[in-house]
Number of protein chains: 2
Amino acid sequence: MATNMQVLLASRPVGWVTEENFKIVNTPVAKPAEGQILVRNHYLSLDPYMRGRMNDTKSYAAKQEIDQVMVGGTVGEVIESKNPKFKVGDIVTGAYGWQQYGCSDGTGVNKVDASKVPMSAYLGVIGMPGVTAWVGLLDICQPKAGETVVVSAASGAVGSAVGQIAKLKGCRAVGIAGGKEKCDYVVNELGFDACVDYKAGRLNQDLKAATPDGIDCYFENVGGEILDAVLKRTNAFSRIAVCGLISQYNATEPYGVKTFQAILTNRIKVQGFIVSDRLNLWPPALKDLADWVATGKLKYRETVAHGLESAPKAFIGLLKGQNFGKQLVKLI
Amino acid sequence: MATNMQVLLASRPVGWVTEENFKIVNTPVAKPAEGQILVRNHYLSLDPYMRGRMNDTKSYAAKQEIDQVMVGGTVGEVIESKNPKFKVGDIVTGAYGWQQYGCSDGTGVNKVDASKVPMSAYLGVIGMPGVTAWVGLLDICQPKAGETVVVSAASGAVGSAVGQIAKLKGCRAVGIAGGKEKCDYVVNELGFDACVDYKAGRLNQDLKAATPDGIDCYFENVGGEILDAVLKRTNAFSRIAVCGLISQYNATEPYGVKTFQAILTNRIKVQGFIVSDRLNLWPPALKDLADWVATGKLKYRETVAHGLESAPKAFIGLLKGQNFGKQLVKLI
């Protein structure tokens with residue numbers, strides 16, 4: 001009898017996540033009831049938002065319960081169907097979480113065309129991270145051609161799309177990333193105009209050099225000192241989309257933002273957002289993203305861990321910035 | 001020959017403003033040239049924004065130059081006119097600054113009707129501070145009936161209008177002010193639902209008690225610990241209008257805002273604004289404000305210092321929160 005490996009939340013982390021916060025179990029594969037489908041997951045998406053779910057605090061989403069399968073987006077193949085909307089062999093995205101198989105009535109499960117792009121892209125550049133980039137940049141920041149757009153975590157799944165979309169819109173795109181290799185990739189392969197290596201120890205002066213005309217739009221994934229450095233370079237009427245604050249997720253003491261006054265002085269609009277709040281924007285975003293990927297205008301990179309049992313370690317690496325582009329776990 | 005007493009900026013403050021940063025001089029009253037008017041200023045408005053102008057740093061407005069007359073709004077009477085748009089006896093608002101007389105071609109000078117309300121009201125509730133309250137609350141925060149609106153510096157010129165307008169729109173209005181006397185005034189005379197005395201030493205718990213349903217809109221005048229306390233109580237999709245950060249204007253070390261992450265978690269919109277950026281909103285705002293004052297729906301209080309020579313001390317008192325309502329200097 002086939003078993004379904006699952007990763008459960010064993011305990012809530014205090015500060016940094018450790019592998020001990022997770023528990024791997026093997027359970028029987030579910031039998032789909034009438035109206036249900038069974039999906040063999042091929043890829044699991046690992047995303048920073050998952051860290052927030054692990055806390056026992058008020059957040060934008062329901063918290064991850066202890067001893068339940070970790071939440072997460074998946075892409076896989078329908079291997080059994082008792083639902084007329086799906087047939088065996090369909091490639092589908094879903095939110096089946098950290099497990100090898102998913103069984104459900106198909107709500108929130110979407111068929112995707114994996115004939116032209118690999119199915120994994122639907123967890124990244126043509127999926128939630130890509131839509132997040134599109135919404136935060138185009139709907140919230142609304143950059144005009146010629147403006148300077150800065151994005152932190154620039155080599156990540158979201159950040160790499162933000163900068164490339166900014167370039168497509170005629171902006172100067174400046175990334176912030178950790179390490180020379182990521183910065184070289186962002187500039188040389190993705191076509192950003194510049195990239196600041198925040199680990200080089202000259203954040204303020206390097207950011208100043210990279211943004212000679214100041215900053216009009218900032219797509220925030222990181223927070224902490226990087227946020228303060230960016231705020232110092234903002235122009236009047238600049239816009240900041242707050243998508244993530246990954247530097248804070250494992251911090252036991254929150255960083256104190258010292259340049260908040262720039263929001264007043266420069267009449268900045270700061271908008272926190274979660275892409276799932278803006279479902280009406282997914283169809284136009286996904287259309288743009290698929291077009292751009294198909295025509296080679298939007299590039300992406302993946303870091304793939306192999307086997308579900310490697311997911312906890314890969315997730316901790318993601319939180320530490322060890323991934324390069326979209327972090328996936330290949331399950332099959 | 002009549003003399004025109006003026007207050008000049010003598011030196012830029014480091015940290016707290018002192019009276020030594022100002023210099024009082026007596027100069028001959030100007031003779032209006034063809035096309036000009038001469039105005040005897042009756043009241044000078046003192047406002048927190050003036051502190052920012054005294055710094056030698058990038059700000060939203062041109063900085064105050066050394067040895068020049070301090071900037072400021074005034075209301076007074078035309079005593080000589082060589083401009084057909086004005087006649088002797090007209091009561092006018094202008095930006096003649098910290099001096100007894102103003103002489104100009106009339107640009108930016110507006111006639112007001114002082115027959116129904118005292119002319120001083122045009123520097124406060126029916127002037128820049130009132131419009132600031134209207135714009136920040138109604139245009140930026142856009143509160144809905146039943147929502148909770150919090151405003152800091154609640155007994156001040158801007159804050160007292162914010163809470164009263166919130167009540168007119170069917171909201172729960174909660175003030176934050178320094179001391180029991182101000183809080184009593186805000187609740188008992190202005191009709192706020194509650195007021196938190198931040199000097200009482202129980203800011204977080206008192207704010208929690210005053211906002212049982214959380215906070216939907218925050219009109220920020222103060223910053224610092226009060227901002228952190230408010231951010232902890234924000235609801236999903238709340239809005240924050242950043243009008244001022246008076247706690248920071250004389251600080252040598254900026255306060256570190258520790259709860260920035262609430263902006264993400266609660267998808268908050270934070271918007272810094274300056275009322276002079278939104279000139280299109282002044283006419284509807286002034287009409288509302290004049291109507292509300294005339295019908296007794298909008299009350300105001302003034303603290304009046306007497307004589308231009310008292311302006312520096314009164315201004316320092318304003319920055320320390322010693323005023324009660326709109327701070328004016330009576331010049332005649």
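Two residues count as in contact here if their C-beta atoms, placed from the backbone, lie within 7 Å. With that in hand, here's a quick tour of this predicted model, where local features need pLDDT of at least 70, side-chain atom pairs count only at pLDDT 80 or more, and totals for chains, interfaces and linings use all residues. Residues are numbered from 1 along each chain as its sequence is written, while chains are lettered from A and ligands numbered from 1 in the order in which they are written.

**How the two chains relate**

**Where the chains meet**

- Chain B puts 27 residues in contact with 28 residues of chain A.
- On the chain B side, the elements giving two or more residues are strand S12 (234-242), helix H7 (261-265) and strand S13 (269-272); helices (H or I, at least four residues) and strands (E, at least two) are DSSP runs, numbered from the N terminus.
- Sorted by class, that side of chain B has 13 nonpolar, 10 polar and four charged residues. Ala, Val, Leu, Ile, Met, Phe, Trp, Tyr, Cys and Pro go down as nonpolar, Asp, Glu, Lys and Arg as charged, and the others, Gly among them, as polar.
- The copies meet through the same surface, because 100% of the interface residues of chain B are also interface residues in chain A.
- As for who faces whom, Lys269(A) has Gln271(B) as its bridge partner in S13(B).

**Domains in chain A**

- Chain A splits into domain 1 (3-124 + 300-330) and domain 2 (128-276), with bounds that come from an automatic or database domain assignment.
- The C-alpha centres of domain 1 and domain 2 of chain A are 28 Å apart.
- Between these two domains of chain A, 15 residues of domain 1 are in contact with 15 residues of domain 2.
- The domain 1 side of that contact in chain A has seven nonpolar, six polar and two charged residues.

**The H2–H8 crossing**

- In chain A, the axes of helix H2 (residues 128-141) and helix H8 (residues 282-294) come within 9 Å and cross at roughly 110°. Axes are lines fitted to C-alpha atoms, for helices over the stretch in contact, and angles run from 0 to 180 degrees between N-to-C directions.
- H2(A) and H8(A) are therefore roughly perpendicular to each other (the label covers 65 to 115 degrees; under 35 is roughly parallel, over 145 roughly antiparallel, and the rest oblique).
- From H2(A), Gly130(A), Val131(A), Trp134(A) and Val135(A) meet Trp282(A), Ala285(A), Leu286(A), Asp288(A) and Leu289(A) of H8(A).
- The residues of this H2(A)–H8(A) contact come out as seven nonpolar, one polar and one charged.
- Over in chain B, the axes of H2 (residues 128-141) and H8 (residues 282-294) likewise come within 9 Å and cross at roughly 110°.

**Strand pairing in chain B**

- Strands S4 (residues 74-81) and S5 (residues 91-94) of chain B run antiparallel, joined by four bridges, and Gly76(B) has Val92(B) as its bridge partner in S5(B).
- S5(B) also pairs with strand S7 (residues 110-111) of chain B, antiparallel over two bridges, where Thr93(B) stands opposite Asn110(B).

Definitions and conventions: Pairing = 2+ DSSP bridges.
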